[in-house]
Amino acid sequence: MEDIETYSTLLGEIKQRIRSAQYEALRAVNHELIALYWDIGKIIVSRQEGKTWGKGIVEQLARDLQIEFPGVAGFSARNIWRMRDFYLAYHAHEKLSPLVTEIGWTHNQVILSKCKNDLEREFYIRMTRKYGWTKNVLIHQIENQSYEKTLLNQTNFAKTLPEHLQNQAKLAVRDEYTFDFLELGEEHSERELERALLGKVDTFLRQMGGMFAFVGSQYRVEVGDREFFIDLMLYHRRLRCLIAIELKVGQFQPEYVGKMQFYLAVLNDHVRLEDENPSIGIILCKSKDKTIVEYALNNSDKPIGVSTYRIVSTLPQELQGELPAPEQIARLLEEVE
């Protein structure tokens with residue numbers, strides 16, 4: 001029996017080492033591919049200086065490269081123009097130019113074409129690298145304005161969390177979530193919403209941001225001789241803390257904050273482990289008045305965020321004008337490692 005257990009441990013260690021080697025090999029290949037495309041773009045830009053190149057030159061270059069390297073994809077005329085644009089977009093940015101090698105070429109092209117602001121591009125590059133977003137997930141995140149909704153979230157983390165946790169916590173909570181994967185009508189109960197989320201919990205966790213693990217639903221806590229139940233309990237791996245979520249199908253009400261403070265106090269005293277950070281609460285409502293939320297959170301001594309959710313995708317709100325100053329955004333993005 002002991003030999004079987006020893007072999008099982010050995011097999012597990014070797015399998016993990018192989019997976020790690022495969023991942024590092026893929027990273028190395030991607031790094032070299034992006035570096036190659038970067039260099040081709042740089043060469044074309046340098047040769048174009050003072051000259052008027054038309055489409056004919058690039059099309060001829062594409063044909064010759066495809067003849068010289070048959071079976072190697074990526075040398076179409078269209079892609080060669082993309083290499084040029086890629087180099088032009090990032091070569092003058094010391095912070096972004098090393099980051100682009102950390103994600104795939106198709107991801108880079110999505111970000112380059114859909115994001116016009118350097119800080120926005122940095123956000124999606126860093127988040128793609130951190131969470132391993134596929135191309136389709138990345139497009140979905142951009143179309144749902146994850147950048148703006150992350151920066152505009154309403155929390156009291158600056159007053160209630162240690163300084164080293166504040167930015168990571170802010171990045172973990174969005175102002176609005178889109179649950180368009182749920183089969184729910186616009187009118188639904190809190191219990192129906194909870195059941196629908198539990199039915200697609202993997203998709204729900206990805207939509208929440210990628211670093212959450214599911215702990216339980218209707219999570220029971222006992223105080224005195226009474227029982228209380230928290231709608232959803234998650235765990236944030238990077239923050240190393242419990243995340244209590246209360247679901248509300250109507251408009252945010254100030255009294256929700258008091259109830260969440262009670263839950264967080266109980267979790268910290270009776271559930272949180274010694275090496276874990278303070279528990280965080282998210283009140284997830286159908287709608288909210290930002291001014292009322294601001295007042296409600298003002299005197300709260302527990303870390304709480306108030307977010308809204310949508311069941312169907314709608315035309316994006318115009319949020320650019322409400323974003324923090326570029327310097328504040330840049331400092332926040334440094335936390336996305």
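Predicted model: local features only at pLDDT ≥ 70, side-chain atom pairs only at ≥ 80, totals over all residues.

Visitor: How many helices and strands does the protein have?

Guide: Helices (H or I, at least four residues) and strands (E, at least two) are DSSP runs, numbered from the N terminus. The C-alpha trace spans about 80 × 65 × 40 Å along its principal axes. Within the protein, the count comes to 15 helices and seven strands.

Visitor: What percentage of the residues in the protein is buried?

Guide: Buried means under 20% relative accessible area, exposed means over 50%, and partly exposed lies in between, with a 1.4 Å probe and protein chains only. Among the 337 residues in the protein, the buried share is 45%.

Visitor: Which residues have the most contacts inside the largest nonpolar core?

Guide: A nonpolar core is a set of buried Ala, Val, Leu, Ile, Met, Phe, Trp, Tyr and Cys residues joined through side-chain atoms within 4.5 Å. The largest such core has 44 residues, and helix 3 (residues 77–90) gives the most to this core, with seven residues. Apart from it lies another core, of 30 residues, among them Leu 165 and Ile 245. In the largest core, the residues with the most contacts are Phe 86, Tyr 90, Ile 111 and Tyr 124.

Visitor: Which residues of helix 3 are buried?

Guide: Helix 3 has 14 residues and reaches 21 Å from its first C-alpha to its last, close to the 20 Å expected at 1.5 Å a residue, where the expected span is 1.5 Å times one less than the number of residues. One of its buried residues, Phe 86, is in contact (heavy atoms within 4.5 Å) with Ile 34, Trp 38, Val 100, Trp 105, Asn 108, Gln 109 and Leu 112, not counting residues up to four places away in sequence. The buried residues of helix 3 are Ala 77, Asn 79, Ile 80, Met 83, Phe 86, Tyr 87, Ala 89 and Tyr 90.

Visitor: Against which elements do the buried residues of helix 13 pack?

Guide: Helix 13 (residues 255–270) has 16 residues, and those that are buried include Tyr 256, Met 260 and Val 266. The elements that its buried residues pack against are strand 3 (212–223), strand 4 (226–236), strand 5 (241–251), strand 6 (280–287), helix 14 (290–298) and strand 7.

Visitor: Why does Val 266 count as buried?

Guide: Val 266 belongs to helix 13, and it touches Val 221, Val 223 and Val 271, leaving aside residues up to four places away in sequence. Val 266 counts as buried because its relative accessibility is 7%.

Visitor: Is Leu 205 buried or exposed?

Guide: Leu 205 lies in helix 12 (residues 201–208) and is in contact with Gly 210, Phe 212, Ala 213, Phe 214 and Leu 234, its neighbours within four places in sequence being left aside. With a relative accessible area of 13%, Leu 205 is buried.

Visitor: What is the phi of Gln 145 near?

Guide: Most residues other than glycine have a negative phi. Gln 145, which lies in the loop between helix 7 (135–143) and helix 8 (146–151), is buried at a relative accessible area of 10%. Its phi is positive, near 60°.

Visitor: Where is Gln 218, and what is its relative accessibility?

Guide: Gln 218 also has a positive phi, of about 45°, although it is not a glycine. Its place is in strand 3, and it counts as partly exposed because its relative accessibility is 31%.

How values were computed: Residues numbered from 1 in each chain as written. Heavy atoms only, no water.
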